[in-house]
Amino acid sequence: NIDQCSLDVLLTLICVDTKTLDRKNKDGLTPLHLALLNCAEKPISLDIVKALIGGAEDGEEEEANEVLKIADNNGRLPLHLACLNFEHIPLDVLKELLRGFGGAACVPMSDGSLPLDILEGLRHTVTRPQDVLDFNEKSDFIFAHHPDIEQYRNEPSRLGRISNRIKTELLANKCLSDESRMIWTWMCMLSEEEDKDKMHFITISQTLNSIRDDSLKRSLASIETVTEDGSILPLNACVSERVAILLKRCLLFADRYELLTRDIERAEGWCKIKALDWEDSNDQRTVVIKFMKNRNEFVHESNLRSKLTSSAGPSVIPMIECFDVGRLGTGVETSGDAKYEYDISKGDNPGGVDLSQYPCAIVLQEYGASLSAVLKERITGASTETILTFATDISDAVRRLHCSGLSHGGIGASSFVQMGSKYLVFESLRSASVMQDTDSSRKEYIGEASCISTGFLPPEMFVKLSEDDVRVYMKYWSTFAGDADIKVLLKSDDTRKSVANKVNSFLGGDNGPKFSDLWARVTSNAELWDKIRPRKIGDSYYAIRAYHRSVTSGKPVHPEKLPYELRKTDARQDTWTLGLLLYEIMTGEVMFRTAKSGDIEEDSSFATLCEWDLSGQFEQEKLAKVCNPVARDLLRTLLSSSMRYDMDDVRHHAFFGNNEVESRQQALKILKRDKHVRIQRDVMIEKENRLKRRTKELAFVPKDIQVKLEHSTWTQWDELDAAPTVPTSFVLLPYELETDEISKLQTVSADDQKKALSYGQAVATFMHYTAFSRNISKRYGHEITKDCVSTKLWEYSELNKSTLKATEGNLLAICRGILTRVKNAEQVLSDIIRTVLPDVDHVLEAKKLVRGAVEGIVDVEICRDITDKAAVVEKAVQSLYCVANDSSNQLITTEQIVSEQLQKLTGKDTSLEEDIKKKTDVEM
């Protein structure tokens, strides 16, 4: 009488005798069988079923589930009886029965009927729509535990319900229930033989296509399954080939690419990974995805690629698509940007690469080896045809790039790659720029210091500097040169750590600037300075026409302060580097040695390039290594310092001609011209040799002349009044004497006198401070009275506290604060010098040191002039207050009045924020 029996009564009876739960009556029915079969007035509750199964204590669950495995005399398990009485058996009761014994769905009764057969045999009794829905849910639930029933597994309606159930669960819970996961796994793992009609394949495809969230589709494709041998594999590795294609598409990067992590190439700012493009699942092609850290470089290359014009062939590796996290939420966002952002942020790290540090990527067509690698393999004994093929491909790529108004700016063997086995193209456009003659609205210049590589610059980018020019150059680049000096001073790890601790302690705060920020700038500037610093070759200085670009405007910073004019971007740089590359291909050696960075290794090359002349000895020796006279003439054309041909003219050179007769005639002309030039050069060499021989002959002093010189010298000493007749000594002067028109005497020019005075002062200053340092070392060793210096530095800090606390909200207060700090510094330094060197004028030396230290930061004399004149004005204003007898009601100070007038005169707001003042103090 289960309908009238409460849960409390049942629990009481069970507590009296728990062994009755698995006892059978004469028909083989247990209490659970009777309860499931006889509930008729109302659905049986889950709590009653759990009680009749037997509430398991810890460790007794297996024993309790034995009740679910007991069959009656007709071979019926509790699940069979639940299916017979399905109208009064809720879904949660079915779940409990199958949770305890899932294999029940596979056990037939004595007549061979399975639980699903019993249930489906009663389907005709269900008519109401809601009842049909409940019935289908129960049927599908049992089917999930035993889907290998042919008559039910191919039902279109059932497959449709399964698909909807999977999508609903994923959208609601982001995961599948156990039963849905079981049926999805079974459906995906059906063999193609078992799914001849492709009904399950179509259901899988439709399910995946209807889910918009890529992460949910990935979860379906990567469900873990246990194989027959007990290993755990992702679902996509255990399915048929055609289903594997569907599932793989769900696991693709950016919903399109299958990353091949065995092919990874890394550099400091980028990473390249080969991938399969699944846009066409029947014909996947291999591509290369270039992940980029620097978004500015990505934007630069993307913008330049958009300027490429369609022509007979590409000049650079064709781009399929690109991704940019920075475009998300903007009007230029693409459909793939969000997918890319999701994939790089999920932390998969394919091949050990942390993709989250690459906010941008470019997908490129697959390409072959770089030209540099090909040259290493083939250049030995390369045929004329091979050289001509390389030269033609390279020249065509450069010409197509120029047709788009772009200059590459970095042509070298590593700049080109093979597209298949057909032709060579540029690998990227990271060093490219818009040519000036194609866009007059833009002013682009060659030589932006942070972008150039000196090994790719044409001769006109090198300049010879006078000593005055060097001073101007050093002043322009003083920040970078200073940082290079700092790096040298702090090259010791211990020294750098000590300075870092003091700087960080002074700056304070966790979120503010740190020494590491300063050191990053110092390191970067020092590396750049090493590239652009003037090179002294002999008595001359050579440099490149470099400039510093403004971060905000993108224009050169004060180009008028440079000792040379900047060069506009044009095709010349490419034609020069094209000549260098063709020379390397033709001879197997480089014209100038360069480092991996592309910068020139030997300082002497700066002078060679600045004074480049194809008729010079160095140039002639290099070109003589090119055996083909037509090829040698092509190189002369490209490497001429006056080269003004465009790439169309270059491609029409006889070297590229297909007309053998024309090429032979051109070769004869070139040979005749070379012979004429060689004869002229031999004549010049012979003339120079003849002059050298004559000079050597004249320089030889015969013995009789030497005797006369010695005799004359002794005569001068013996007879002081005797007039000299023979020179007694010679002096070589470092300058040329000028003859005074009036006195007819030999004099030194005013310019040489000025230089001599400048050099003398520099030498005197150097010797003065050298002696200063030597005296300190002699007296006190290298410690230099550490305690004294430390004490004085603390004293200086205490003296400046008042100026740091004072309000410096106007120009006058700032000037007075600077003067106070300068005075404090002079006082402290004077005390230190007096302690270590009592014989030295300590006051004067202290003033020199302080003025030298602040010279590049602030003009102390201007500050002193402002404060002196302001003091006069303040006195006058104060007198006016006194005359007006209103000094007691004075709301603002005379200093504020003067400062306001200064602000009106200068037109600038001189108020300073606290952090700017702090920065000024750090510099001081």
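Colleague: Which residue in strand 7 does valine 287 stand opposite?
Modeller: Glutamine 365. Strands here are DSSP runs of E, at least two residues, and helices are runs of H or I, at least four, numbered from the N terminus. One caution: this is a predicted model, where local features need pLDDT of at least 70, side-chain atom pairs count only at pLDDT 80 or more, and totals for chains, interfaces and linings use all residues. Residues are numbered from 1 along each chain as its sequence is written, and side-chain values use heavy atoms, with hydrogens and water left out.

Colleague: How many bridges join strand 5 to strand 7?
Modeller: Six, between residues 285–292 and 360–365, running antiparallel. Two strands pair if DSSP finds at least two bridges between them.

Colleague: And what is the strand order in the open sheet?
Modeller: The order is 3-4-5-7-6, five strands with antiparallel pairing. Strand 3 (257–266) and strand 6 (319–324) are at the edges; each has a single partner strand, so one side of each lacks a neighbour in the sheet.

Colleague: Which strands does helix 15 lie across?
Modeller: Strand 5, strand 6 and strand 7. Helix 15 covers residues 295–306.

Colleague: New topic. At what angle do helix 8 and helix 10 cross?
Modeller: Roughly 85°, with their axes coming within 11 Å. Axes are lines fitted to C-alpha atoms, for helices over the stretch in contact (heavy atoms within 4.5 Å). Angles run from 0 to 180 degrees between N-to-C directions. The two helices are therefore roughly perpendicular (65 to 115 degrees).

Colleague: Which residues meet there?
Modeller: Among them, Asp140 and Phe143 in helix 8, and Arg161 and Ile162 in helix 10.

Methods:
Parallel < 35°, antiparallel > 145°, perpendicular 65-115°, else oblique.
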